[in-house]
Amino acid sequence: MEKYPVLEVDLKKLRKNTKIVTNICAENGISVAGIIKGFGGIIEGAYEMAEGGCAQIGSSRIEQLKALKDKNIKTPLLLVRIPMACEIEEVVRYSDICLVSEKETLVMLDEEARRQNKKYKAVLMYDLGDLREGVFTREELVNLAMFTEYELQNIELEGVGSNLSCYGSVAPTIKNLTELSEAAAQIEKQLGRKLNIVSGGGTTTLPLLMRGGVPEKINHLRIGEGIANTQDLPLYWDTYIEGLDADTFVLKAQIIEINEKPTHPIGELMVNAFGEHAHYDDRGIRKRAIVALGNQDLGDSSKLVPKDKLIKVLGASSDHTILDIHDSKEHYKLGDIVEFNVLYQAMLFTSLSDFVSKKIIN
């Protein structure tokens with residue numbers, strides 16, 4: 001008997017999505033780093049991204065890159081979170097390139113690369129207003145680039161990049177990406193050579209690319225969500241890319257209770273299991289189902305999209321997700337399976353949960 005809940009990963013669809021996105025980017029002079037952190041670094045998925053045309057495979061977790069290095073993957077590996085001091089040895093050993101914003105981190109990487117007798121590549125990060133990682137002025141970026149190029153013996157300055165929208169919700173625009181482009185051009189002029197990478201963000205830059213607004217100097221994007229979780233593009237950014245399949249990751253959960261109950265809790269209300277003051281709409285008595293899946297596995301049940309469009313997700317506790325099935329044409333019964341598409345947060349949490357089985361579909 002199959003064990004539930006289960007997250008199904010369709011490798012054929014993942015490779016198809018990768019090819020579509022990398023081809024669109026290539027037509028605009030842009031290479032793609034396929035980011036695997038959003039689906040827990042599943043090795044089979046990483047290989048599909050590599051086969052689908054990604055120039056690098058990237059993750060924020062060095063452990064996920066180590067697993068790929070141990071499997072002798074040939075595609076260069078990119079660490080997309082700035083390295084911690086405690087992981088410098090592993091970063092140099094198990095990745096080929098990383099994002100950096102601190103001079104001290106560069107020095108540590110240089111010393112470790114010397115110890116390992118290898119050259120290691122760095123992309124310097126420039127904060128364009130999202131207020132996550134990166135130096136904050138162009139002068140700082142240029143100075144850091146000169147330091148990397150001329151003072152470090154075992155670090156190769158591969159390029160510059162920026163992160164947008166992940167923390168501060170700042171959208172990639174012609175204006176801020178032009179600033180990155182102009183900073184890169186200034187560095188190139190002072191170096192007397194081209195940078196290999198000018199990385200203009202991730203999935204949230206795809207809508208601007210599709211509208212023709214990405215400056216020509218941008219030649220690299222770091223994309224995971226826009227390949228593995230494609231329903232987010234039209235939902236959040238009003239962007240539809242023909243051919244992308246939303247069923248790359250499908251979550252299946254089993255019904256453990258079906259009943260008719262009120263839709264508004266009865267009694268004096270307090271905070272829920274997560275300390276939140278939840279809102280409940282009183283819609284009278286409705287037929288509902290509980291599936292054995294909760295926010296411990298999902299992060300947030302609102303990031304589930306039932307494939308049965310007449311089902312509504314009402315909410316969840318740690319271990320139970322409550323569904324309104326009153327209007328569904330299906331006659332659900334105890335033990336039946338409900339299928340969901342997963343938005344990015346739910347994909348991230350379920351792929352990492354030890355309590356959600358993983359099924360690879362070749």
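In helix α1, the buried residues (under 20% relative accessible area, with exposed meaning over 50% and partly exposed in between, for a 1.4 Å probe and protein chains only) are L11, L14, N17, T18, I20, V21, T22, I24 and C25. This is a predicted model, so local features need pLDDT of at least 70 and side-chain atom pairs count only at pLDDT 80 or more, while totals for chains, interfaces and linings use all residues. Residues are numbered from 1 along each chain as its sequence is written, and side-chain values use heavy atoms, with hydrogens and water left out.

Helix α1 takes in residues 11-27; helices (H or I, at least four residues) and strands (E, at least two) are DSSP runs, numbered from the N terminus. From the first C-alpha to the last, the 17 residues of α1 reach 24 Å, close to the expected 24 Å at 1.5 Å a residue, where the expected span is 1.5 Å times one less than the number of residues. At the N-terminal end, D10 does the capping, with a side-chain oxygen 3.2 Å from the backbone nitrogen of K12. After α1 comes G29, which has a positive phi, near 75 degrees.

On to the charged pairs. Side chains of opposite charge can pair when their charged atoms come close. Counting a salt bridge as a side-chain nitrogen of Lys or Arg within 4 Å of a carboxyl oxygen of Asp or Glu, the structure holds 22 of them. One joins the side chains of E8 and K252, at 3.0 Å from N to O. E8 sits in strand β1 (residues 6-10) and K252 in strand β10 (residues 249-262), so this pair ties together parts that are 244 residues apart in sequence. E8 is buried at 11% relative accessibility, and K252 is buried too, at 16%.

Another salt bridge links E179 and R138 through their side chains, at 2.9 Å from N to O. Here E179 belongs to helix α7 (residues 174-191) and R138 to helix α6 (residues 138-151), so the parts tied together are 41 residues apart in sequence. E179 is partly exposed at 22% relative accessibility, and R138 is partly exposed at 24%.

Helix α6 also supplies E149, whose side chain meets that of R193 in a salt bridge of 2.8 Å, N to O. R193 lies in the loop between α7 and β8 (197-202), so the pair ties together parts 44 residues apart in sequence. E149 is partly exposed at 25%, as is R193 at 28%. Finally, salt bridges with shared partners join E2, E8, K252, E339 and K359 into one network.

Conventions:
Polar contact = N/O pair within 3.5 Å; in protein donor to acceptor, adjacent residues only side chain to side chain.
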